[in-house]
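This briefing accompanies a structural model and is organised by topic. Please read it alongside the sequence and coordinates displayed below.

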2 protein chains.
Amino acid sequence: MAKTDKPNWNGCPVRYAAGIFGDKWCFILLRDTLLRGKRSYSEFLDAGEGISTNILASRLVRLEEAGMLIRKIDPRKGSRVCYFPTQKARALLPAFLGMVVWAIEFDEETEAPDGFAAGFLENPTGTVARISAQIDQINRDILGDAADAL
Amino acid sequence: MAKTDKPNWNGCPVRYAAGIFGDKWCFILLRDTLLRGKRSYSEFLDAGEGISTNILASRLVRLEEAGMLIRKIDPRKGSRVCYFPTQKARALLPAFLGMVVWAIEFDEETEAPDGFAAGFLENPTGTVARISAQIDQINRDILGDAADAL
DNA sequence: TTTTTTTACTTGCAATACGCAAGTTGAAAC
DNA sequence: GTTTCAACTTGCGTATTGCAAGTAAAAAAA
């Protein structure tokens, strides 16, 4: 087996991924949209991670430009802006949950729900489907039928 | 189903993960050790990503402190320092490869080997085992039997 | 209808982190 | 013994971040 010289992956997938969420705050925001049901600026701010307002704004723009979030006015209240995860973002769920499982294994202080790791490992697609359904539900609560167009 | 209020994951696995590789350069270094067989400072430098020497040094320290890399003098040449991925780092492979699959799907300009994504999706554990064996081989080339102690 | 509040940002500035170029150290090769 | 190689370190200008305060538009209250 060749030693190090596999094809020179530029246009490298890892670099591509790093460009999008190889950043602490983007990472956290993806968590908030995918796993915590957060959608609006103020919800992200209040997530308790201490992100500052200018950085939050810049990361929302970055993630929107990367095709990970879609910005929409809340139809129930025009002063409220919501950011919905795109299919591209949702397609990250399997890998993302894989990371969660990894972190649960190695973080001594994890407070993740007990049994989550086992549940995911036993039935990954089912777990992804369950979380995906939660995302749909949250979107539907805000957008109604228009959520289908996301 | 409750809306957003799952248990307040602090000691949150995603935050834990973000702390370790929620950084462009750490991300790239993990790729280099896990997927490209690179082990030494100069190999990382020459990976063509344009990392500067001070940042490289700081990230190697950070990853070592995070328990992702082990620093060892090359027994074949005392002026050469090698950084080996720990079990903790290697345990990231499934999630990491999941990200690769995701990136292949969404990066129009990907140059990843065709069929890699399909191969991983069809047989993830086999793919992980194959790559893991490559890592073992590289480590063994450098350390000989001492590689077992990693 | 005016005022206050809510929500989503922007702006300015000090502090930190990064990128680049050059310098240092120790082991190896010659 | 001198040169080379490999792994860092240091200094400095630039870019990014974090913090505090300010602005704008819509909604709710008075």
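Predicted model: local features only at pLDDT ≥ 70, side-chain atom pairs only at ≥ 80, totals over all residues.

Among contacts in chain A between residues at least 6 apart in sequence, what percentage join residues at least 24 apart? The figure is 47%.

**Chain A: overall architecture**

- Chain A contains eight helices and two strands.
- Read from the N terminus, its elements follow the order α-α-α-α-β-β-α-α-α-α.
- The C-alpha trace of chain A extends over about 60 × 35 × 30 Å along its principal axes.
- Chain A comprises 150 residues, of which 36% count as buried.

**The interface between the chains**

- In the pairing of the chains, 45 residues of chain A are in contact with 45 residues of chain B.
- On the side of chain A that touches chain B, at least two residues each come from α1 (13–21), α2 (24–34), α6 (93–106) and α8 (124–143) of chain A.
- The element that gives the most to this side is α6(A), with 10 residues.
- By class, the side of chain A that touches chain B has 23 nonpolar, nine polar and 13 charged residues.
- A:D107 lies in the loop between α6 and α7 (116–122) of chain A.
- Apart from its neighbours within four places in sequence, A:D107 is in contact with B:G11, B:P13 and B:Y16.
- A:D107 counts as partly exposed because it has 18 C-beta neighbours inside 10 Å.

**Surface near DNA strand C**

- DNA strand C has 17 residues around it, and those that come nearest are A:S40, A:Y41, A:S42, A:T53 and B:G78.
- Two or more residues of this surface are given by each of α3 (41–45) and α4 of chain A, together with α4 of chain B.
- The surface near DNA strand C has four nonpolar, 11 polar and two charged residues.

**Surface near DNA strand D**

- DNA strand D is surrounded by 17 residues, the closest being A:G78, B:S40, B:Y41, B:S42 and B:T53.
- The elements that each supply at least two residues here are α4 (53–65) of chain A, with α3 (41–45) and α4 (53–65) of chain B.
- By class, the surface near DNA strand D divides into four nonpolar, 11 polar and two charged residues.

- The buried residues of α2(A) are A:W25, A:C26, A:F27, A:I28, A:L29, A:L30, A:R31, A:D32, A:T33 and A:L34.
- The axes of α2(A) and α4(A) are 10 Å apart, and the two helices pack at an angle of about 75°.
- Angles of 65 to 115 degrees count as roughly perpendicular, and α2(A) and α4(A) are therefore roughly perpendicular to each other.
- In this contact, A:W25, A:C26 and A:L29 of α2(A) meet A:I55, A:R59, A:R62 and A:L63 of α4(A).
- The contact of α2(A) with α4(A) has five nonpolar, no polar and two charged residues.
- Of the contact residues on the α2(A) side, A:W25, A:C26 and A:L29 are among the buried residues of that helix.

**Helices α6(B) and α8(B)**

- In chain B, the axes of helix α6 (residues 93–106) and helix α8 (residues 124–143) come within 10 Å and cross at roughly 110°.
- These helices, α6(B) and α8(B), are therefore roughly perpendicular to each other.
- From α6(B), the residues B:L93, B:P94 and B:L97 meet B:P124, B:T127, B:V128, B:I131 and B:S132 in α8(B).
- By class, the contact of α6(B) with α8(B) has six nonpolar, two polar and no charged residues.

Note on methods: Residues numbered from 1 in each chain as written. Chains lettered and ligands numbered in written order. Near = placed C-beta within 6 Å. Helix = DSSP H or I, 4+ residues; strand = E, 2+ residues; numbered from the N terminus. Nonpolar A, V, L, I, M, F, W, Y, C, P; charged D, E, K, R; others polar. Contact = placed C-beta atoms within 7 Å. Buried ≥ 20, exposed ≤ 12 C-beta atoms within 10 Å, placed from the backbone. Axes fitted to C-alpha atoms, helices over the stretch in contact; angles between N-to-C directions. Parallel < 35°, antiparallel > 145°, perpendicular 65-115°, else oblique.
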